[in-house]
Amino acid sequence: MLKLLREVLRTGEATIPYPFQPVEVMPGFRGKPHHDPEQCVACGACAIACPPNALTMTTDFDQGFQTWNLFMGRCIYCGRCEEVCPTGAITLSPDFELSVMNKQDLFEQADYKLAACHRCGKYFAPVKEIEYARSILRQSGLPETLKTNACTLLDFCPECKRKNDVGKMVNLYQEKNDVTR
Amino acid sequence: MLRDSVTSLAVAEHSKYAIHEDPSAGKLKGALLKDIHRSVYVYRVDCGGCNGCEIEIFAALTPLFDVERFGIKVVSSPRHADILVYTGSMTRSMRVPALRAYHAAPDPKICVAYGACGCSGGIFHDLYCVWGGADKFIPIDVYIPGCPPTPAATIYGFAIGLGLLGQKLKATHHVQGEDERAAPAHSQIPYLLRVQIERESRRMAGYLYGKQIAERFLTIMEQNPNQVKEGMQAYLDKQADPRLAEIMNRLTAISDGFKGAA
């Protein structure tokens, strides 16, 4: 009996006093994905990577908006979004206190503007994504002429770029073979 | 178009089966919360889970977390229960047992959707054989997300359900501001070099540690632009980790060999 008591006293209290005191989580704990909406470029890589479709992107081509949605109730905390994020906008925080009374509070949204093509005027990509591509091109170390060329091409939608390329190729072909004469 | 109509059909189907709480039971629930927040009995309904959630619920019962100090006790019959915990993504064949448990529990009762599957169907949400969450036909009071929720998250969820703690998470809606720009990381370092370093580091150490190691390497590079090798050596001497040294030396070799895009 005494031996047991001594053992009990030696061991002390094992119970963690949570929720009266904050509980420490292990380093590398994967909790709530923290989204920094300023750093996000709305590229949609996370929505493609997300296995349970907790992250989704919806595009409104009429209004020119791209919406990033996170449904916390579906997230499995795998960290694939953090893995693929090119700008480091998503990181898994150690926050685990996510319970809610109201399901609506599990949703997180961010709206991003779409850029219109300079030639045809159709919406084609988020403004921030294009700006990000431009700033990366600037620091890429490419020769100046290539850089300016690429930067101007950023303002056109894929279809207009294709048309532009085809037009150029036709011109080249005509010059080479002198078809017009 | 077809997909839309199928989805709306499914929603209609769900709402047809949804049961609604008696308004008088809702009033009683307030009284229940006031009176019983000393001792509540919990009944677990496993509606097609992977057992991860069950393991975490039982982990919450162990001496380390010990939910019984709040009087929370797991019982083996829904007739004794004040709280029903629904885990699992609610498979088709578990609908009737789930409803039987719901009706067997005396009013007023608190229903908890536990885990990602219980909240919304989780990773199984679009399977043909699941309803996708307990809230499709059972009135849920508390959602505890997590895959699985840790024992601490479980305690927090129950504390919210019993009105002991306040809810932290709120719905947010960000709208892009006027001059909002995403800043590229490490603007001093040529982009193509950064990509090469990040790729190699990730190849050698995996995505998580690879990212951290590449980040440290690039920071050291930015701090000592002219003596990368010396800065790196000082750092590696402090860490004394041969695995890290191997990776860092590879990265240094890449940055030495980098000639630029031209």
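Let's start inside chain B. Strand 3 of chain B, residues 83–87, pairs with strand 4 of chain B, residues 110–114. The sense is parallel, and there are five bridges. One pair to look at: T87(B) stands opposite Y114(B) in strand 4 of chain B. A reminder before I go on: this is a predicted model.

Next, helix 3 of chain B, residues 52–61. Its buried residues are C53(B), E56(B), I57(B) and A60(B). Why do they share one side of helix 3 of chain B? Because they cover an arc of only 105° around the axis. The face turned away from that buried side carries exposed residues, I55(B) and F58(B). So much for the two faces. What covers the buried residues? The cover includes strand 1, residues 40–46, along with strand 3 and strand 4 of chain B. Helix 5 and helix 6 of chain B are also part of that cover.

Now the whole of chain B. The secondary structure comes to nine helices and six strands. Of its 262 residues, 36% count as buried. How does its radius of gyration compare with that of a compact globule? Chain B has 27 Å, whereas a compact globule of 262 residues would be near 18 Å. Along the principal axes, the C-alpha atoms fill a box of roughly 75 × 55 × 40 Å. Then there are the contacts. Take those in chain B with a separation of 6 or more: residues 24 or more positions apart account for 75% of them.

On to the partner chain. The contact takes 50 residues from chain B and 50 residues from chain A. Which elements of chain B give two or more residues to its side? They are helix 5 (115–120), strand 5 (142–144), helix 6 (151–161), strand 6 (172–175) and helix 7 (191–223). Here is helix 6 again: it gives the most to that side of chain B, with seven residues. By class, the side of chain B that touches chain A has 30 nonpolar, 13 polar and seven charged residues.

There is also strand pairing between the chains. Strand 5 of chain A, residues 107–116, runs parallel to strand 6 of chain B, and four bridges join them. In that pairing, E108(A) stands opposite T172(B).

Last stop, chain A. Strand 5 of chain A is joined by three bridges to strand 6 of chain A, residues 123–126. Those two run antiparallel. L114(A) stands opposite P126(A) in strand 6 of chain A. The two strands form a hairpin with six residues between them. Within this hairpin, G121(A) takes a positive phi near 80°.

Key:
Residues numbered from 1 in each chain as written. Chains lettered and ligands numbered in written order. Predicted model: local features only at pLDDT ≥ 70, side-chain atom pairs only at ≥ 80, totals over all residues. Rg over C-alpha atoms; globule rule 2.2 N^0.38 Å. Buried ≥ 20, exposed ≤ 12 C-beta atoms within 10 Å, placed from the backbone. Contact = placed C-beta atoms within 7 Å. Nonpolar A, V, L, I, M, F, W, Y, C, P; charged D, E, K, R; others polar. Pairing = 2+ DSSP bridges. Arc of directions from axis to C-beta.
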